[in-house]
Amino acid sequence: MFKRNIYRYLGLVLICAAYAACKVPEFAQRNENKNVPAGFNNLTDSTNTGKLQWRQFFTDPNLVSLIDTAIKNNQELNVTLQEIEIAKNEIKSRKGDLLPTLGYRVGAGLEKVGRYTSSGAGDASTDITPGREVPDVLPDYAFGLQANWEADIWHKLRNAKKAAVTRYLSTVEGRNFVITNLVAEVANSYYELLALDNQLAIVKQNIALQSNALELMKIQKQATRVTELAVRKFEAEVLSSKSLEFDILQNITESENKINYLLGRFPQPIVRDKGSFTDLVPPTVQVGLPAQLLANRPDIKQAELDLAAAKLDVQVAKAQFYPSLGISATIGYQAFNPSYLLRTPESLAYSLAADLAGPLINRNAIKAEYATANAKQLQAVFNYEKTILNGYVEVANQLSNITNLQKSYDLKSKQVLALTQSIDISNDLFKAARADYFEVLMTQRDALQSKLELIETKKQQLNAVVNIYHALGGGWN
């Protein structure tokens, strides 16, 4: 009766301990927020330029050729492709964990059992009496197969495989995001190069104009109509413009090398049309609906997949608190003499075992891993929401930028026209002695600055269109 009560209490203690061991700590969870505004600036048209392929969006054949080369050769993109291969191999590894492992074992050894050990004392051929010898050294030969399998009763291994698959899909979206960035960067660098070409042409024209004005000042000095100061002022202006020419040449070299770097090749000339840059008309962009960003932008889809993988990681970490069921089996032949090794059934040996094991005391490491998985899930939620917000803000900013740049370009065009006309007017007034040399000098300087600013504004317009195409998720498909 007393023993029965002890066994009963001991069983109750074991049941309580097992229940406590399987109890999972609770952590704060948070669902992601996918709500976005209904439209951009009250626009509700669902037509979305971001769905266009980049070959359809960009019409310049030189730019198309550069982008195509960049996608084939860019080193950062190649690094990302290897990340995809790594993720693919991780899937194979996780899939292998679900299957039984089967291996072989071949071995040979020697064994000498001590006479006063449990094995030696239990040998029927040996008496523990003084003078009897210890059993002889016996060889041991064996070969066979052994298998192990963990039954996935809590879906721990299956969830780990699903997380690996999800991360593989995430790396694919990461590659797509690298492509969208690459397409946008090549296009922006190309337009910057065209802008520099046109600025260089304007500076050269201005140098010729200033040189003519300098010669005029020298003639006027000989006629005592101006002083040496006027000549020196115009000479300094010519030198300043020539210095600016070399600055632009350096920027052109750096821009070409930047494009070559993106294309994964050593410096070489960039083929381009150096025609009238200011006549380029930026393509019209339809921004669609904010909700479409969730499907179009690779970085948002990547963040969503990372979140899904983090949720699965939490389930895997949670399953660590539960007992695991392992099954092992071996079969083979074992004998002390090679001539007996293949005798059946005398030398045949096999085993089959199953064990249920789980944590009971000191589960701090498991708790820490579970807490880490929960924290990473919250990180993934915040990152997903941040990526959505960032995508919306980028589109809204570029949409406003396109509108304001168009207004600025129209005004600057009028400014350039007015200042260009004022150059001839100032020269005529100077020849008629109705304006001094300083007015002529300042008019030329203002005209040059306005033309350079007009080209810069045109470049910003083209960049804004590229950026909004990138912000809408265009360029990867």
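1. Start with Lys301. Lys301 counts as buried because its relative accessibility is 16%, and the cut-off for buried is under 20%. The model is predicted. Lys301 sits in helix α9.

2. What does Lys301 touch, leaving out residues up to four places away in sequence? The contacts are Glu173, Leu294, Ala295, Asn296 and Trp476. One of these, Ala295, places its backbone oxygen 3.3 Å from a polar atom of the Lys301 side chain.

3. Glu173 is the charged partner to look at. Glu173 and Lys301 form a salt bridge, with 3.7 Å between the closest N and O atoms. The pair joins distant parts of the chain: Glu173 belongs to helix α6 and Lys301 to helix α9, 128 residues apart. Both Glu173 and Lys301 are buried.

4. Glu394 is in helix α10, while Arg297 is in the loop between α8 and α9; 97 residues separate them. Arg297 is buried, because its relative accessible area is 2%. Glu394 is partly exposed, because its relative accessible area is 26%.

5. Lys412 and Glu453 form a salt bridge, their closest N and O atoms being 3.4 Å apart. Lys412 lies in helix α10 and Glu453 in helix α11, 41 residues apart. Glu453 counts as partly exposed, because its relative accessibility is 28%.

6. How many salt bridges does the structure hold? The count is 20. Lys221, Glu228, Arg232 and Glu235 are linked in a network of such bridges.

7. Now the nonpolar residues. In soluble globular proteins, nonpolar side chains tend to be buried together. Here the largest nonpolar core has 59 residues. Within this core, Phe58, Leu63, Val186, Tyr191 and Val395 have the most contacts. Helices that each supply at least two of its residues include α3 (61–73), α7 (228–262), α9 (298–319) and α11 (437–471). Which helix gives the largest share of this core? Helix α6 does, with 17 residues.

8. Setting aside neighbours within four places in sequence, Leu63 is in contact with Phe58, Val186, Ala187, Tyr190 and Tyr191. Another core, of twelve residues, lies apart from the largest one. Among its members are Ala213, Val226, Phe430 and Val440.

9. On domains, the chain is divided in two. Domain 1 covers 27–99 + 172–322 + 360–472, and domain 2 covers 100–151 + 323–357. Their C-alpha centres lie 72 Å apart. Four residues of domain 1 and five residues of domain 2 make the contact.

10. How much area do domain 1 and domain 2 bury between them? The figure is about 330 Å², 51% of it on carbon and sulfur atoms. Leu98, Leu99 and Tyr322 supply 91% of the area that domain 1 buries against domain 2, more than any other three residues.

11. Polar links across this boundary can be listed quickly. Between domain 1 and domain 2 there are zero salt bridges. The count of residue pairs in polar contact between domain 1 and domain 2 is one, with both residues at pLDDT 80 or more.

How values were computed: Residues numbered from 1 in each chain as written. Predicted model: local features only at pLDDT ≥ 70, side-chain atom pairs only at ≥ 80, totals over all residues. Heavy atoms only, no water. Core = buried A, V, L, I, M, F, W, Y, C linked by side-chain atoms within 4.5 Å. Buried < 20%, exposed > 50% of the residue type's maximum accessible area, 1.4 Å probe, protein only. Helix = DSSP H or I, 4+ residues; strand = E, 2+ residues; numbered from the N terminus. Contact = heavy atoms within 4.5 Å. Polar contact = N/O pair within 3.5 Å; in protein donor to acceptor, adjacent residues only side chain to side chain. Domains from an automatic or database assignment. Buried area = accessible area lost by both parts, 1.4 Å probe. Salt bridge = Lys/Arg side-chain N within 4 Å of Asp/Glu carboxyl O.
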